[in-house]
Amino acid sequence: MAHTVEWPVRLYLFEEDGTTKARVELRTGTTTLAGHGIARCSPEDRDVPEIGDEIAAGRAVQNLAGKLLRVADHDLEGVGAVPKRREHRVAYGWTDAMA
């Protein structure tokens, strides 16, 4: 049986004083999940807002993806299926803690 669904995603970017914050929201119809990301411009680097946007947005989407996979794992457990253990992957570029 074919099944088609659309999940709207919205991405918000906020920049102030060399720091870019991103928030991405996914609405599934039954729940809303949000991911967050941040990027900071090093004082030695030229401030290029587009790069900060890309890094913060990428981190927010990555954060959202992890949350969505955890929800799916929980739902699998709820129906008696044991999800595969996911490996921890290193983020591209600096992590939020390093930024």
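## A walk through a β-β-β-α model

Asp-17 is found in the loop between strand S1 (9–16) and S2, where helices (H or I, at least four residues) and strands (E, at least two) are DSSP runs numbered from the N terminus. This is a predicted model, in which local features need pLDDT of at least 70 and side-chain atom pairs count only at pLDDT 80 or more, while totals for chains, interfaces and linings use all residues. Residues are numbered from 1 along each chain as its sequence is written, and side-chain values use heavy atoms, with hydrogens and water left out.

Let us stay with Asp-17 for a moment. Its phi is positive, about 50°, although Asp-17 is not a glycine. Is Asp-17 buried or exposed? Asp-17 counts as exposed because its relative accessibility is 73%; the classes are buried under 20% relative accessible area, exposed over 50%, and partly exposed in between (1.4 Å probe, protein chains only).

Asp-17 also belongs to a negative surface patch, together with Glu-15, Glu-16 and Asp-47. Patches are made of residues with over 30% relative accessible area and no salt bridge, with like charges joined within 9 Å and nonpolar side chains (Val, Leu, Ile, Met, Phe, Trp, Tyr) within 5 Å. The place of a charge is taken as NZ of Lys, CZ of Arg, CG of Asp or CD of Glu. Asp-47 comes from another part of the sequence, the loop between strand S3 (32–40) and helix H1 (49–78). With a relative accessible area of 44%, Asp-47 is partly exposed.

Now for the overall plan. The protein has 1 helix and 3 strands, and along the sequence they follow the pattern β-β-β-α. Of its 99 residues, 22% are buried. The protein exposes about 7,900 Å², and carbon and sulfur atoms supply 55% of that area; accessible areas come from the Shrake-Rupley method with a 1.4 Å probe, and for residues only the protein chains shown count as cover. Among contacts with a separation of 6 or more, 41% are between residues 24 or more positions apart, a contact being heavy atoms within 4.5 Å.

Strand S2 (residues 19–27) includes Thr-19. Thr-19 is buried, because its relative accessible area is 18%. Leaving aside residues up to four places away in sequence, Thr-19 touches Phe-14, Ile-38, Ala-39 and Arg-40. Thr-20 is 30 residues from Glu-50 in sequence, and their C-alpha atoms are 9.7 Å apart in space. Glu-50 sits in helix H1 and counts as exposed, at 54% relative accessibility.

Next comes Lys-21, also placed in strand S2. Lys-21 counts as partly exposed because its relative accessibility is 48%. Beyond residues up to four places away in sequence, Lys-21 touches Tyr-12, Leu-13, Phe-14, Gly-37, Ile-38 and Ala-56. Lys-21 is also 36 residues from Ala-57 along the sequence, with a C-alpha to C-alpha distance of 7.9 Å.

That brings us to Ala-57, which is found in helix H1. Ala-57 is buried, since its relative accessible area is 13%. Which residues does Ala-57 touch, not counting residues up to four places away in sequence? They are Leu-11, Leu-13 and Ala-22. The C-alpha atoms of Ala-57 and Val-24 are separated by 7.7 Å, although the two residues are 33 residues apart along the chain.

Finally, let us look at the charged pairs. How many salt bridges does a search of the whole structure find? There are 2, where a salt bridge is a side-chain nitrogen of Lys or Arg within 4 Å of a carboxyl oxygen of Asp or Glu. Arg-23 forms one with Glu-25, with the closest N and O atoms 2.8 Å apart. Glu-25 also meets Arg-27 in a salt bridge, at 3.2 Å from N to O. Glu-25 counts as buried because its relative accessibility is 11%. Through shared partners, the salt bridges join Arg-23, Glu-25 and Arg-27 into one network. Arg-23 is partly exposed, with a relative accessible area of 28%, and Arg-27 is partly exposed as well, at 43%.

Note on methods: Lys and Arg count as positive and Asp and Glu as negative; His and the chain ends are not counted.
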